[in-house]
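Colleague: I would like a close look at one part of this model, an aromatic pair and what surrounds the residues in it. Please put it in the context of the whole chain.

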Amino acid sequence: MQDKKHKDSFSIIEIYQDADTYQKHINTSHFRKYKEGTINMVKNLEIIEMKAVDSAMIDKIFLRYAVK
């Protein structure tokens, strides 16, 4: 996402089903490649735990993208 006021500022938003899924993701080769390639660009990393307003819809989203 691009900041409307600061055109050179971007945010990447990712959603994970749970903390275990996030941990598995950050240990993948494609994530490590991203991390190494953006090490000098990332100014802030913040992990925010949130609760879904519509948990049934979230379950459908994760079912659709489940790794098989």
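How many helical turns, about, separate Phe-31 and Tyr-34 in helix 2?

Modeller: About one helical turn, because Phe-31 and Tyr-34 are three residues apart in helix 2. This is a predicted model, so local features need pLDDT of at least 70 and side-chain atom pairs count only at pLDDT 80 or more, while totals for chains, interfaces and linings use all residues. Residues are numbered from 1 along each chain as its sequence is written, and side-chain values use heavy atoms, with hydrogens and water left out.

The aromatic pairs come first. Ring pairs total two in this model, where rings of Phe, Tyr and Trp (its six-membered ring) pair if their centres lie within 6.5 Å, and planes under 30 degrees apart are stacked, over 60 edge-to-face and the rest tilted. One of them joins Tyr-16 and Tyr-22, with 5.2 Å from centre to centre and 70° between the planes, which is edge-to-face. Your pair, Phe-31 and Tyr-34, is tilted because the planes stand at 50°, and the ring centres are 5.6 Å apart.

The two rings of your pair can also be described by their cover. Phe-31 is buried, at a relative accessible area of 14%, while Tyr-34 is partly exposed at 33%; buried means under 20%, exposed over 50% and partly exposed in between, with a 1.4 Å probe and protein chains only.

Thr-38 sits in the loop between helix 2 and helix 3 and is buried, with a relative accessible area of 12%.

Tyr-34 is also a member of a nonpolar surface patch with Ile-12, Val-42, Leu-45 and Ile-47, and together these residues have about 500 Å² of accessible area. Patches take residues with over 30% relative accessible area and no salt bridge, joining nonpolar side chains (Val, Leu, Ile, Met, Phe, Trp, Tyr) within 5 Å and like charges within 9 Å; areas follow the Shrake-Rupley method with a 1.4 Å probe, and for residues only the protein chains shown count as cover. Ile-47 belongs to the loop between helix 2 (29-37) and helix 3 (55-64) and is exposed, at 59% relative accessibility.

Tyr-16, from the other pair, lies in the segment before helix 1. Its side chain makes a polar contact of 3.1 Å with the side chain of His-25. His-25 is in helix 1 and is buried, at 16%. The C-alpha atoms of Tyr-16 and Ile-58 are 10 Å apart, although 42 residues separate them along the chain.

Helix 1 (residues 19-26) also holds Lys-24 and Asp-20, four residues apart, about one turn of the helix. Their side chains form a salt bridge at 3.3 Å, N to O, within the cut-off of 4 Å between a side-chain nitrogen of Lys or Arg and a carboxyl oxygen of Asp or Glu. A search of the whole structure gives one such bridge. Lys-24 is exposed at 56%, and Asp-20 is partly exposed at 47%.

As for the whole chain, the secondary structure amounts to three helices and zero strands; helices are DSSP runs of H or I with at least four residues and strands runs of E with at least two, numbered from the N terminus. The pattern along the sequence is α-α-α. The radius of gyration is 14 Å, well over the 11 Å that the globule rule gives for 68 residues, so the chain is more spread out than a compact globule; the radius is taken over C-alpha atoms, and the rule is 2.2 Å times the number of residues to the power 0.38. The C-alpha trace spans about 35 × 30 × 20 Å along its principal axes. Buried residues make up 7% of the 68, a group that includes Phe-31. The accessible surface is about 7,100 Å², with 57% of it belonging to carbon and sulfur atoms.

Key. A polar contact is a pair of N or O atoms within 3.5 Å; within protein, one must be able to donate a hydrogen and the other to accept it, and residues adjacent in sequence count only if both atoms are side-chain atoms.
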